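Please read them beside the sequence and the coordinates.

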Amino acid sequence: MPEQLIEQLGLLGVFVAGATPFLEALVVVPIAIVLGLDPVITTVVAVAGNALTIGLFALSSRRVMGWIVARRHRRGLDRYSPSMRRGMDIFESYGVWAMAVVGPLLIGTQVGAAIAVSLGLSAWRVTIIVTAATAGWAVLAAVVTLAITG
């Protein structure tokens, strides 16, 4: 009984960590597996948490991006931060799939989703594509972690 509670609390932590911007499922999954949580359930829960915030950022991206740009302008900074510019460059050069695949490594899935929607893509399409890429990264992280740890 206490072991189940500990595992359930651990999975709740995995969900919350996966949902935290810039703390990607790609990072959360190996840590949780090394700590002894079930790899399959951990991967699903981490991706679900990440997907939640990807969707929220995508749906509210026009408002969020407007707020970020206005805030940067008030502080006398360029409209876009270097990571936002990097994301825009990736999107404009290679498309949404490339940004979805490289996003977790360079700019974060949530920022990548917000940039893609602010550049004209549908929030639902972006959510699906970025979540699919996140799931791919999370599965790869789980497989590599299991291969290394045995």
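1. The protein has eight helices and zero strands, where helices (H or I, at least four residues) and strands (E, at least two) are DSSP runs numbered from the N terminus. Read along the sequence, the pattern is α-α-α-α-α-α-α-α. This is a predicted model, in which local features need pLDDT of at least 70 and side-chain atom pairs count only at pLDDT 80 or more, while totals for chains, interfaces and linings use all residues. Residues are numbered from 1 along each chain as its sequence is written, and side-chain values use heavy atoms, with hydrogens and water left out.

2. On overall dimensions, the C-alpha trace spans about 55 × 30 × 25 Å along its principal axes. Of the contacts with a separation of 6 or more, 71% join residues 24 or more positions apart, contact meaning heavy atoms within 4.5 Å.

3. Of the 150 residues, 43% count as buried, that is, under 20% relative accessible area, with exposed meaning over 50% and partly exposed in between (1.4 Å probe, protein chains only). The protein exposes about 8300 Å², of which carbon and sulfur atoms supply 69%; accessible areas come from the Shrake-Rupley method with a 1.4 Å probe, and for residues only the protein chains shown count as cover.

4. In soluble globular proteins, nonpolar side chains tend to be buried together. Here the largest nonpolar core holds 25 residues, of which Met99, Ile115, Ala116 and Val126 touch the most other members; such a core is a set of buried Ala, Val, Leu, Ile, Met, Phe, Trp, Tyr and Cys residues joined through side-chain atoms within 4.5 Å. Two or more residues each come from α3 (39–59), α4 (61–74), α5 (82–94), α6 (96–106), α7 (109–118) and α8 (123–149), and α7 gives the most, with six residues. Apart from this core lies another, of 14 residues, among them Ala17, Leu37, Val45 and Ala138.

5. Val126, leaving aside its neighbours within four places in sequence, is in contact with Ala113, Ala116, Val117, Leu121 and Thr131.

6. Not counting residues up to four places away in sequence, Gln110 touches Gly18, Ala19, Thr20, Pro21, Phe22, Glu24, Asn50, Thr53, Ile54 and Phe57.

7. On the surface, Leu23, Val27, Ile31 and Leu35 form a nonpolar patch with about 370 Å² of accessible area together. Patches are made of residues with over 30% relative accessible area and no salt bridge, like charges being joined within 9 Å and nonpolar side chains (Val, Leu, Ile, Met, Phe, Trp, Tyr) within 5 Å; a salt bridge is a side-chain nitrogen of Lys or Arg within 4 Å of a carboxyl oxygen of Asp or Glu. Val27 is found in helix α2 (residues 25–34) and is partly exposed, with a relative accessible area of 38%.

8. Leu106, in helix α6, counts as partly exposed at 38% relative accessibility. Leu106 touches Arg86 and Ile90, not counting residues up to four places away in sequence.
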